[in-house]
Amino acid sequence: MIISWKHLWQNHQQKIRFFIIGVWNTIFGYLAYISLDYLFTFVFQKRYMAYMTAAVLSNIVATISAFLFHKYITFKSTVRGKAVISEFFKFYSMYTVTIILGLALLPFFVEVLKIDPKISGALLIPITAIISYFGHSRFHLRIFIRTDDKAT
């Protein structure tokens with residue numbers, strides 16, 4: 001059985017784009033976290049303030065980035081105007097559980113298990129990715145609606 005890249009792309013391009021954007025956003029979000037953590041170690045006296053502030057801000061930035069990339073590249077949504085706000089909140093609600101879990105586990109890894117915040121952030125990636133995958137696969141809502149799909 002020979003697998004043709006063209007055939008694979010034609011039949012699964014949205015899934016492939018979703019995967020590529022997911023990998024990009026994971027790398028982007030982690031780099032944002034370690035950069036902000038490094039910066040905030042000079043701003044805050046207490047170490048936990050630096051890594052927790054970095055975690056919150058990097059989650060916000062990474063989620064906005066993921067929204068934009070998934071909207072325009074993965075799903076090619078043509079929704080414009082005020083409807084984009086609704087689209088964003090539906091999208092963000094799917095990440096709420098993993099963001100809260102990550103923010104709860106990060107201090108546990110750092111303060112209780114005594115793991116460096118940067119390593120803790122990296123260890124949380126597969127945990128939140130698995131939960132996110134199962135959440136998306138079990139409770140997936142059609143968030144991005146193309147205007148040409150509404151007519152059908």
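Asp37 sits in helix α1, where helices are DSSP runs of H or I with at least four residues, strands are runs of E with at least two, and both are numbered from the N terminus. With a relative accessible area of 0%, Asp37 is buried. For these labels, buried means under 20% relative accessible area, exposed means over 50%, and partly exposed is what falls in between (1.4 Å probe, protein chains only).

A quick word on provenance: this is a predicted model, in which local features need pLDDT of at least 70 and side-chain atom pairs count only at pLDDT 80 or more, while totals for chains, interfaces and linings use all residues. Residues are numbered from 1 along each chain as its sequence is written, and side-chain values use heavy atoms, with hydrogens and water left out.

Side chains of opposite charge can pair when their charged atoms come close. A salt bridge here is a side-chain nitrogen of Lys or Arg within 4 Å of a carboxyl oxygen of Asp or Glu. The structure holds three of these salt bridges, tabulated here.

| Pair | N to O distance |
|---|---|
| Asp37 and Arg47 | 2.7 Å |
| Asp37 and Lys118 | 2.8 Å |
| Lys71 and Glu87 | 2.6 Å |

Take the Asp37 and Arg47 salt bridge to start with. This pair links distant parts of the chain, with Asp37 in helix α1 and Arg47 in helix α2, 10 residues apart. Arg47 is partly exposed, at a relative accessible area of 31%.

Asp37 also forms a salt bridge with Lys118. Asp37 is in helix α1 and Lys118 in helix α4, so this pair ties together parts that are 81 residues apart in sequence. The two side chains are also joined by a polar contact of 2.8 Å, meaning a pair of N or O atoms within 3.5 Å; within protein, one must be able to donate a hydrogen and the other to accept it, and residues adjacent in sequence count only if both atoms are side-chain atoms. Lys118 is partly exposed, with a relative accessible area of 25%.

Then there is the salt bridge where the side chains of Lys71 and Glu87 meet. That pair links distant parts of the chain too: Lys71 in helix α2 and Glu87 in helix α3, 16 residues apart. Both Lys71 and Glu87 are buried. Through shared partners, salt bridges join Asp37, Arg47 and Lys118 into one network.

Helix α1 covers residues 5-40 and spans only 45 Å between its end C-alpha atoms, whereas a straight helix of 36 residues would span 52 Å at 1.5 Å a residue; the expected span is 1.5 Å times one less than the number of residues. There is a bend of about 90° in α1 at His12, taken as the angle between axes fitted to the seven residues ending there and the seven starting there. At the N-terminal end, Ser4 caps α1, with a side-chain oxygen 3.3 Å from the backbone nitrogen of Lys6. Buried residues in α1 include Arg17, Ile21, Asn25, Gly29, Tyr33 and Phe40.

Zooming out, the chain has five helices and zero strands, giving the pattern α-α-α-α-α along the sequence. Of its 152 residues, 28% count as buried.

Leu68 is placed in helix α2, residues 47-74, and counts as partly exposed at 40% relative accessibility.

Most residues other than glycine have a negative phi, and most peptide bonds are trans. Lys76 is not a glycine, yet has a positive phi of about 50°. Lys76 is found in the loop between α2 and α3 (83-112) and is partly exposed, with a relative accessible area of 41%. Lys114, not a glycine either, has a positive phi of about 60°. Lys114 is in the loop between α3 and α4 (117-139), and is exposed at a relative accessible area of 65%.
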